[in-house]
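My notes follow in the order I made them.

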Amino acid sequence: MVGMTRKKTLFWLCIFLLPNLLGFLIFIAIPILGSLGISFTDWDLVSTIHYTGFDNYKRLFNDPEFWKSFRNTITFIIGYLPTVMVLGLACALMLNQKIKLRPFFRAVYFLPVITSWVAVSLVWKWLFNPTYGLINYFLSLIGIAGPDWLTDPHTAMIAVIITSAWKDIGFVMVLFLGGLQNISPSYYEAANMDGASKLRQLFSITIPLLTPTTFFVTIISLINSFQVFDQVMIMTEGGPSGATMTLVQNIYNHAFRYFEMGYASAMSWILFIVIFIITIIQNKLQKRWSNY
């Protein structure tokens, strides 16, 4: 009877999992494997598929545009990741205190996260407008002539980084809040009894005990950074002069503007391999600096 009960349970478990499993296979697993096959072909979505072997990958490693988009993506990560981590942690520390209207401020800081990238990008595109934007207006009040943010190759990526960090700070804040609330108050009580300052408590208690959360936030933010696309597409379309052309923007262009599906798929797999390798390395290093 026990064996029959287990078989019956397993049967119904499979029945209930079947819709999700089919969805995963049809919309995720099969397209992923299909893109790997397409990366070895020359295909424009219309004509016959031609097998080309590793030609797309050879072309990719000799393509200056690919390497430029790769460097731009790394530049974005270098500016975005520390900004969103530091400001997200600062907001979490502030809103973890017993202050008035704390739920209201938490909601306000999280509001950009649930706002669509289209709306956020259009608003910030207007804010960065060199003639009518509020940012240059406020800079002019203190005697600074604001730059042409989105049309200057030297400032376009900075504008994209600021926009991206502003939207994602609330998400990082919530993750850090969860980590802060898992730290036992007894640590701080003991530190207060020993006369430790707030700054000392931050660096000796809070940050070390937040390392598991910090690791998770770093991984998630890094993966999202490599896939930056929406704000670039809306704010600059990869310009000016390719200054904000990221890897995903480059993949999009070759797939849906130039109809080089094989080449775009090859770039997608290189992006996947880069993210995978970095994640593995971080996972190995995490064991050295995370405290549980």
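**Entry 1: loop residues**

I began with Leu101, which counts as exposed because its relative accessibility is 57%; exposed means over 50% relative accessible area, buried under 20%, and partly exposed in between, with a 1.4 Å probe and protein chains only. This is a predicted model, in which local features need pLDDT of at least 70 and side-chain atom pairs count only at pLDDT 80 or more, while totals for chains, interfaces and linings use all residues. Residues are numbered from 1 along each chain as its sequence is written, and side-chain values use heavy atoms, with hydrogens and water left out.

I placed Leu101 in the loop between α3 (64–95) and α4 (102–114). Helices here are DSSP runs (H or I, at least four residues), numbered from the N terminus. I noted that phi of Leu101 is near 60°, a positive value in a residue other than glycine.

Next I went to the loop between α11 (230–235) and α12 (247–256), where I found Pro240. The peptide bond from Gly239 to Pro240 is cis, with omega near -5°. Ser241 is in the loop between α11 and α12 too. I read a positive phi of about 55° for Ser241, although it is not a glycine. With a relative accessible area of 65%, Ser241 is exposed.

**Entry 2**

Two packed helices are described by the angle between their axes and the distance between the axes. I used axes that are lines fitted to C-alpha atoms over the stretch in contact, with angles from 0 to 180 degrees between N-to-C directions.

The axes of α3 and α4 cross at roughly 165° and come within 10 Å. I therefore put α3 and α4 down as roughly antiparallel; angles over 145 degrees count as roughly antiparallel, under 35 as roughly parallel, 65 to 115 as roughly perpendicular, and the rest as oblique. The crossing of α3 and α4 is left-handed, a term for a near helix turned anticlockwise from the far one by less than a right angle, with right-handed used if it is clockwise.

Which residues meet here? From α3 I listed Cys91, Met94 and Leu95, and from α4 Arg102, Phe105, Arg106 and Tyr109. Contact means heavy atoms within 4.5 Å. The residues of this contact of α3 with α4 divide into 5 nonpolar, no polar and 2 charged. Nonpolar covers Ala, Val, Leu, Ile, Met, Phe, Trp, Tyr, Cys and Pro; charged covers Asp, Glu, Lys and Arg; the others, Gly among them, are polar.

**Entry 3: α7 and its partners**

I then took helix α7 (residues 156–181) with helix α10 (residues 211–226): the two pack at an angle of about 160°, and their axes are 9 Å apart. α7 and α10 are therefore roughly antiparallel to each other, and their crossing is right-handed. On the α7 side I noted Phe171, Val172, Leu175, Phe176 and Gly179, which meet Thr213, Thr214, Phe216, Val217, Ile220 and Ser221 in α10. By class, the contact of α7 with α10 has 7 nonpolar, 4 polar and no charged residues.

Helix α5 (residues 117–127) also packs on α7: their axes cross at roughly 135° and come within 10 Å. That makes α5 and α7 oblique to each other. I recorded the crossing of α5 and α7 as right-handed. Trp117, Val120 and Trp124 in α5 meet Ile162, Thr163, Ser164, Trp166, Lys167 and Asp168 in α7. The contact of α5 with α7 divides into 5 nonpolar, 2 polar and 2 charged residues.

I looked at Ser164 of α7 on its own. Is Ser164 buried or exposed? At 0% relative accessibility, Ser164 is buried. Leaving out residues up to four places away in sequence, Ser164 touches Phe76, Tyr80, Trp117 and Gln231.

**Entry 4: Ile205**

Ile205 lies in helix α9 (residues 198–209) and is buried, at 10% relative accessibility. With residues up to four places away in sequence not counted, I found Ile205 touching Tyr187, Tyr188, Ala191 and Arg200. Ile205 and Ile183 are 22 residues apart along the chain, and their C-alpha atoms are separated by 8.9 Å.

**Entry 5: cysteines**

How many disulfides are there? I counted 0 disulfides, taking a disulfide as a pair of cysteine sulfur atoms within 2.5 Å. Cys14 is partly exposed at 47% relative accessibility, whereas Cys91 is buried at 11%.
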